[in-house]
Amino acid sequence: MQSSKNKVRKAVIPAAGFGTRLFPATKVVKKELFPIIDRDGRAKPVIMAIVEEAISAGIEEIGIVVQKSDRALFEEFFKTPPTKELFNKLSQQNQEYSQYLVDIGKRITILTQDEQEGFGHAVSCAKNWVKDETFLLLLGDHVYISSTEKSCSSQVIDIYQQFNKSVVGLTVMPVEIIQKAGCITGFWQEQNSILSINQLYEKPDIEYARKHLRVEGMADDEFLAVFGLYVLTPKIFDYLEEHISNNIRERGEFQLTSCIDRLRQDEGVTGYVVKGKCFDTGLPETYRQTMIDFRNS
């Protein structure tokens, strides 16, 4: 149970991207609204599984950052109950789930990103809603399954409460795909579980990773990469604002990883190897594999 002193009450889910890697499907369906079959056998949009992951960790309020033109879509899903005619046609179980969805919707705030300027920029759009609280950050195109009784989000929040520092959830990644992810290095505080991060680097090439991002005790062809779950103190917004106001871009966009690295220098950041698995729904092949594996994991 979270103590009141450093309780994490809010979660942010950026969902404002164009979904270019899933074009042309994303021309008609937002990637966060793609269907998956959850472990309960229910067909639901990806964003619902992510919201439920946050709630599993005791999160009370969730801010979803969307494009301005998509606000009505997300409001419709979370805030508007089905018509009476449709409701009456639902099974008893689905009528109960419909009420559950209405109750969830009361905890959802739809935020907007007016211009698509990158992941870091999307997170910055939640600043006025988050205010001065530490918050959980989840990706809008990942779903998670824990290998323990505690959900992946609960594990990351537990580490925040233990060390009282921002936390980056981590996973072991083979060298062949390291250039597709944020990567970190540091020194172990608890072997193969918790480490003090001393560098974060977004999408390194293999040569850079082998030279600068090695972690003691790990195999030569393995690195620690971002899992897709973070607990961040509100100080992160200072660095995001600074990057935006000074037009500090990486690959043309405002990124989060470099701002977390500045947060690390200022406050320290803990890395935690999450006991679980994340499923990427943002690419055609990984989405197909998630449809196969997620329900049965």
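A: The crossing of α9 and α10 is right-handed, a term used when the near helix is turned clockwise from the far one by less than a right angle. This is a predicted model, in which local features need pLDDT of at least 70 and side-chain atom pairs count only at pLDDT 80 or more, while totals for chains, interfaces and linings use all residues. Residues are numbered from 1 along each chain as its sequence is written, and side-chain values use heavy atoms, with hydrogens and water left out.

Helix α9 covers residues 236–245 and helix α10 covers residues 257–267, helices here being DSSP runs of H or I with at least four residues, numbered from the N terminus. Their axes, which are lines fitted to C-alpha atoms over the stretch in contact, come within 9 Å and cross at roughly 130°, on a scale from 0 to 180 degrees between N-to-C directions. That makes α9 oblique to α10, since angles under 35 degrees count as roughly parallel, over 145 as roughly antiparallel, 65 to 115 as roughly perpendicular and the rest as oblique.

On the α9 side, I236, Y239, L240, E242 and H243 meet S258, C259, I260, R262, L263 and D266 of α10, where contact means heavy atoms within 4.5 Å. By class, this contact has six nonpolar, two polar and three charged residues; Ala, Val, Leu, Ile, Met, Phe, Trp, Tyr, Cys and Pro count as nonpolar, Asp, Glu, Lys and Arg as charged, and the others, Gly among them, as polar.

Elsewhere, nine of the eleven residues of helix α1 (residues 46–56) are buried, so α1 is largely enclosed by the rest of the structure, buried meaning under 20% relative accessible area with a 1.4 Å probe and protein chains only. One of these buried residues is I50, which is in contact with H142.

Key. Helices (H or I, at least four residues) and strands (E, at least two) are DSSP runs, numbered from the N terminus. Buried means under 20% relative accessible area, exposed over 50%, partly exposed in between (1.4 Å probe, protein chains only). Lists of a residue's contacts leave out its neighbours within four places in sequence.
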